[in-house]
Structures are given as C-alpha cells and as structure tokens.
Amino acid sequence: MNIRRAIRGASSFAILTRAILKTRKPRKRTLEDRLRQIPLDGAPLEKAVTIRWNDRHVPFIEAHTDHDCAVALGIVHAHLRLGQLELMRRLSQGRMAEMIGPAGVELDHALRAFNFTRDIPA
C-alpha cells in the first residue's frame, strides 16, 4: 500500500469526521409539519383513510380496504424514505452543502476526496 495514499485517506477521514461533528442538528418538526408534507392529492383511494402519528412520529394507518391500506402505507413509506434517499445520494456525490449550507463545504471536500462514484458507470 502506498504510504501517501494512506496518509491522504486518513487526513480525508479526519476532515470528514470533523465536518460531521460541526454540523447543526436539524430543527425538530412538529406533527403538523409532518402531516402537511404528505402528498395525498391524486392518491387512488376507494374510501377515506386515516393516517395518525404518535408523539414519536410513528405512523398508524386505518383503512376500510386492503387496497387503501396498501396505498396509504406506500405514501407514508415514500414520505419517510425520501429524505433518507436524498441525504445518501448527496453524501455519495459530495453535495451536502446544498442541503446544510456553508457548514457542509468542508464535508463536501472530504467526501469528494473519497470519490465514491469513481467506479460507478455513468
């Protein structure tokens, strides 16, 4: 193993760790904020569906048919996973500053040094 590559990798890892630790915690969202963000317009539902969230933001779905329950579950799952998918995509590309602002510039430099997308075909 090339010693320069090892030193450069350790340095990049240190920068990445420091940048992650310096980032701000996201503001805590209220239940109303979370409910407003769920896209229900145009959902193929046969009857009314109730989606409730407890105080820990865990969803509970009440539906009259299995089809409606599956649609509501898909909507909730997509809503919860979209943020995670977007975060992981930006992490892999070294584009976190787009989400978290100037605090992410150092993190982006470190992530781009790792060049995670190097072996992925366009």
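1. A patch, as the word is used here, is made of residues with over 30% relative accessible area and no salt bridge, where like charges are joined within 9 Å and nonpolar side chains (Val, Leu, Ile, Met, Phe, Trp, Tyr) within 5 Å; a salt bridge is a side-chain nitrogen of Lys or Arg within 4 Å of a carboxyl oxygen of Asp or Glu. Leu-87, Met-88 and Met-99 form such a nonpolar patch on the surface, with about 260 Å² of accessible area together, and accessible areas come from the Shrake-Rupley method with a 1.4 Å probe, only the protein chains shown counting as cover for residues.

2. The model is a predicted one, in which local features need pLDDT of at least 70 and side-chain atom pairs count only at pLDDT 80 or more, while totals for chains, interfaces and linings use all residues. Residues are numbered from 1 along each chain as its sequence is written, and side-chain values use heavy atoms, with hydrogens and water left out.

3. The protein has 5 helices and 2 strands, which from the N terminus on run α-α-β-β-α-α-α; helices (H or I, at least four residues) and strands (E, at least two) are DSSP runs, numbered from the N terminus. Of its 122 residues, 18% count as buried, where buried means under 20% relative accessible area, exposed over 50%, and partly exposed in between (1.4 Å probe, protein chains only).

4. The largest nonpolar core consists of Ile-38, Ile-51, Trp-53, Val-71, Ala-72, Ile-75 and Val-76, a core being a set of buried Ala, Val, Leu, Ile, Met, Phe, Trp, Tyr and Cys residues joined through side-chain atoms within 4.5 Å. Strand 1 (50–53) and helix 3 are the elements that give two or more residues to this core, and the largest share, 4 residues, comes from helix 3.

5. A search of the whole structure finds 5 salt bridges. In one of them Arg-52 pairs with Glu-62, the closest N and O atoms being 3.2 Å apart; Arg-52 lies in strand 1 and Glu-62 in strand 2 (residues 59–62), so the pair ties together parts that are 10 residues apart in sequence. Elsewhere, Glu-86, Arg-89, Arg-90, Arg-95 and Glu-98 are linked in a network of salt bridges.

6. Asp-108 is buried yet has no salt bridge, and the nearest side chain of opposite charge, Arg-112, is 5.0 Å away; for charge, Lys and Arg count as positive and Asp and Glu as negative, while His and the chain ends are not counted.
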